[in-house]
Amino acid sequence: MADAAPSPPDAVHAPLRHDSAEGHVAGTAVYIDDFPEPPRTVHLAFGLAAEGHARLVKLDLSKVRASRHVWGVFTAADIPGVNDVSPVAGDDKLFAENEILYPGQPLFVVAAIDRESARRAARLALVEAEPLPALVTIAQARAAESVIEPAQRMARGDADAALAAAPHRLQGSIAVGGQEHFYLEGQVALAIPGENGQIHVLSSTQHPSEVQHLIAKVLGLSHADVTVEVRRMGGAFGGKETQAAAIAVACALVAHRYKVPAKLRLDRDDDMVLTGKRHDFEIGYDVGFDGEGRIAGIRLDLASRCGATADLSPAINDRAMFHSDNCYFLPAVEIVSHRLRTHTVSNTAFRGFGGPQGMMGIERVIDAVAAHLGRDPLAVRQANLYGPGRNVTPYHMTVEDNVAPELIAELAANAGYAARREAVAAFNADHSVLKKGLGLTPVKFGISFTTTHLNQAGALLHLYSDGSIHLNHGGTEMGQGLMIKVAQVVADVFAVPVEQVRVSATRTDKVPNTSATAASAGADLNGMAAFNAAETLRGRLAGFAAERFGVATDAVRFTRDGVIAGEERLPLSQLCRLAHFARVSLSATGFYATPKIHYDRATHRGRPFLYFAYGAAISEVVIDTLTGEHRVLAVDILHDVGRSLNPAIDLGQIEGGFVQGMGWLTTEELVFDDRGRLLTHAPSTYKIPTASDRPRRMTIGLWERGRNAEPTIHRSKAVGEPPLMLAISAFSALTQAVAATAPGKGLPSLDAPATPERILAAIAELRAQNG
Amino acid sequence: MTDSPIHFVLDGDTSVQADGSDPTRTALDLLREHLGRTGVKEGCAEGDCGACTILLGELDGERVAWRAVNSCILFAPMLDGKAVLTVESLAEGGTLHPVQRALADGHGSQCGFCTPGFAMSLYGRSIGAEGTRDTPVADVIAGNLCRCTGYGPILEAGERNPPAGCDDRKTAALLRDLPRAASGRGWFAPQTADALAALYAAHPDARIVAGATDVGLWVTKAMRDLGTVIFIGDIADLKGIEESAEGLRLGAGVRYTEAKEALARLHPDLGELVRRIGGLQVRNSGTIGGNIANGSPIGDMPPALIALGAALTLRQGDARRTIPLEAWFKSYGVQDRRPGEFVESVWIPRPAPDALIRIAKLSKRFDSDISALCGAFALRIADGRVAAARVAFGGMAGIPARAPACEAALTGQPWSAATVEAAAAALARDYQPLSDLRGSAEYRLAAAANLLRRLWHEAQGERVSVLDMALDG
């Protein structure tokens, strides 16, 4: 078993720093734009549709072609294979044909000898387009019944009957805005032509295999003709799961045609305009509950803006449904999810993948119930938690690893929730302009791709005759520390220092048919695949040593002091040399497929997740009731990462996830005009948190009793996405602070992001209500 | 090598020559493409993320004055005669600088793309670069965006490396000996205001560039051709800071950072307003004169300066005229500027000791954001009455403008809640704000009125600042 072997002190479970930390701080860690450009590299720029939804009448590119330093221009007509860069549905065109679906859609790509010439030329196109009606908002798309797929329904029990019978009943809604990824390294790729039409592409992508497959599809090549490589990304957050493909494919198209290297690095504004974002949602609820606030029945109506194409929206909206319960048992529940097609950029994966939006819905419901009854929201939360006899989710999966009640109780006690709630009330009684709010919200996040077949991973491991280890797997590094974690797992198997393990760029010619590094599952899947590869090699070496030194195989031990075989003790390097001379293979692959999971999407029933990751957070906020300005003052977090593979990396994910989530719910506002043009397409207008937005006091604890109930790699838990949702506590606290401006009037209808303007409007609306 | 060379000192110890024939090639491009300094990253190409942060050094007597700047919106000729440090300059003999060591060992990097910029900002603080003295780490890195870490480990790395001196003698010596181009193909870099006046009279269509924090984007984003460029960043006699009992005169070339302390001495709210303009890199480049001259309807400084009664001195050849600052802004995008005329200085009278002054900027994010609106109030209360009132707002009209109806509703009235209410209501007669991505017209009007109410509450001794609350913990 993975968790059976004792660990040397500095391998697995150790708080080692990121494997590239020194390269990062020295500026020597190489990103794609930093590679010395091969001779004759041409630079590309997309020509973007300025107009929203329109019929493309004529595309006159003569001025683009005639522009200084231009090599050539490519449109849909120049694609040798299929004009498709979509992940699943076949509806994302590399270049628009006949119809422009959204503002910013690429119409062509221009190749020039330098980037500036390409960018200048791209603006010279004469586009004749006949505007068509544009559906921009969720409401417009709903009214027009414009969808990317039929509405999905997930239900258990008789919600209508439960609602009718409930002593209390509330209806309401909340709108939750989208989010731009704002990875610091924009989308970039470099394609280098090889012999016989083959091509090698460096792509800043979370999904090298998909980029490989799409390049093959667009160019009419076989998968084996295309190699995609990524050493590291400068951030991704889901934004490079599907969105990297168009950039890489455009490079491949030009490189393939001209037989020269081709590079495309998007300008930040273009990147923000033409790549997808987190889905914005509108969530309606109808909830019935008892005098304690315990929910008896609930109907949830989820509607999201998917944008112009399907992209990953079906799975994202499924995950929103899967997290509409969060930690709470919903005895009778119906969740209906509308996936709306609009004439805006196609929304895509973003850390949490719909889960955060689903959770925002149910947390609003709980806050509303508590306000209605005048009870402490924490008490209402605790009354609704999953527990014995109340442990089946709306998708009929039994929750077997529920640690939320214990974890919440521990956090509330350690952070002094009760006393602070009283202190906040006292503060509010004493102040008229400033009001404080306190919020505690939990997180339960399902781990596994809900598309079951994606839950597989491969690894490739070489031992060299000097004992050094070359590690490769299908996971990609985007800053989350995947490479160091997997290296720790491998080092642990051979009982060597982690420095002996060389992590290498992810390449489709080393490990094929990989899944995206996504769904927080990178370490779970690739760590286990690498573990299996290492175990294979260790077993092979142990067998060889046993035979060589005449001992039983189980008498061979790998220790920090070398390999011990009976009376013999020798360094790993020496054993590798001996094995090599004895013609023993020192290379192995490893594979892992997540067990137990299954899901029937037609009925929305099954076990989509192997396990759940849990956490909880308390946020204390203050608002200025005259301007709507606000600050998150203090945050306490307790999070369950199981038995952490690397506590330092995990703490970094938790803090970073919280702050990113806080940005989503407070300062980060996407504004579109009535043609679907994004107005906030630059960091000057789209505001992610800065250092001073970080709460002055953040106390983050890893839950000490954490241990994955499932036999994951060393009983660890996934950590990439779940902490983002801890920031819902800050939003809940802001809602409480607004409520404090008009006591007794219930919960304000604050929508996210809670900009100063929305806070002020919510205060005004609440005060105007009859209380 | 080139017919239009520029010269600068790299890494503190090497004089280099580079091609200066394209006046709007960015310093970032030059460093990455020409000098292979790929540790300097492009995150946004508009001065908002700080991934491209470098340090720029200039001779200041015997020493070198360093400042962190965004190289993405700095034009290559602006490096001429300066010293340049990139992230590659920091490690000595392969040994990381303590700032880098603290970032690496303290888990201050995740994806690593923003990290070189943070390393430069924190390094700048560790050597006492401009704008970092007595400045919290969070303010020093407010112009650096990180999307991964949540900032905690980066703030810690900064705390572990407090300001200390550095030995610049070698750099200073090299700077003294550095040849200066002072002009090149399509650009000039005059060294005196007189030279500028003569040049501008001869080239009235030339584009004057001070810090390039605004004009830089015309190139990187709008891809505009600027024509002939006159760089004025090195004109010593536009950098005067003259403080007196009567007030403060700031030369047009004084950068925000340089002006901050003197402005804060006029009134603390002015210092706080400057703190919240851009990031430190922007304040280390942008100038007070440039901010006025570019005529922004938001105007980072103008609303406050107008409320304080500032006056602008304009120069055309040898002729000068002085106008009230509010007269400069005629209508959206139009200023009272004659051909060949440039902003030479701004005069800000010192507020009376008993003046009641409040300047408030509202934005989605506190640091490094542009105002949705900015309100400035300068009142004098005597014998329970409002003896005088100047009120100005940015973001409420096509130009930064005074609020005559509001001022009238205050002036001569009892200093009371009723007067404040009447004056707050009067703002709706002064302004018809627009709705845009920074805020709706309704929000702007409501919040503008509330800023006056907030001033009243504060004057009654109430706590009104969420920022102060955050600092108190």
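User: What percentage of the 473 residues in chain B count as buried?
Analyst: The structure is a predicted model. A residue counts as buried when its relative accessible area is under 20%. In chain B, with its 473 residues, the buried share is 62%.

User: Why is chain B described as compact as a globular protein of its length?
Analyst: Chain B contains 18 helices and 20 strands. For 473 residues the globule rule gives 23 Å, and the radius of gyration of chain B is close to that value, so the chain is as compact as a globular protein of that length. The radius of gyration of chain B is 23 Å.

User: What share of the contacts in chain B between residues at least 6 apart in sequence joins residues at least 24 apart?
Analyst: A contact requires heavy atoms within 4.5 Å. Among such pairs in chain B at least 6 apart in sequence, those at least 24 apart make up 64%.

User: What is the radius of gyration of chain A, and what does the globule rule give?
Analyst: The secondary structure of chain A comprises 19 helices and 29 strands. With 771 residues, chain A is as compact as a globular protein of that length, because its radius of gyration is close to the value from the globule rule. The two values are 27 Å for chain A and 28 Å from the rule.

User: How far apart do the centres of the positive and negative side chains of chain A lie?
Analyst: Chain A carries 74 positive side chains and 84 negative ones.

Methods
Residues numbered from 1 in each chain as written. Chains lettered and ligands numbered in written order. Predicted model: local features only at pLDDT ≥ 70, side-chain atom pairs only at ≥ 80, totals over all residues. Heavy atoms only, no water. Helix = DSSP H or I, 4+ residues; strand = E, 2+ residues; numbered from the N terminus. Rg over C-alpha atoms; globule rule 2.2 N^0.38 Å. Lys, Arg positive; Asp, Glu negative; His and termini not counted. Charge placed at Lys NZ, Arg CZ, Asp CG, Glu CD. Buried < 20%, exposed > 50% of the residue type's maximum accessible area, 1.4 Å probe, protein only.
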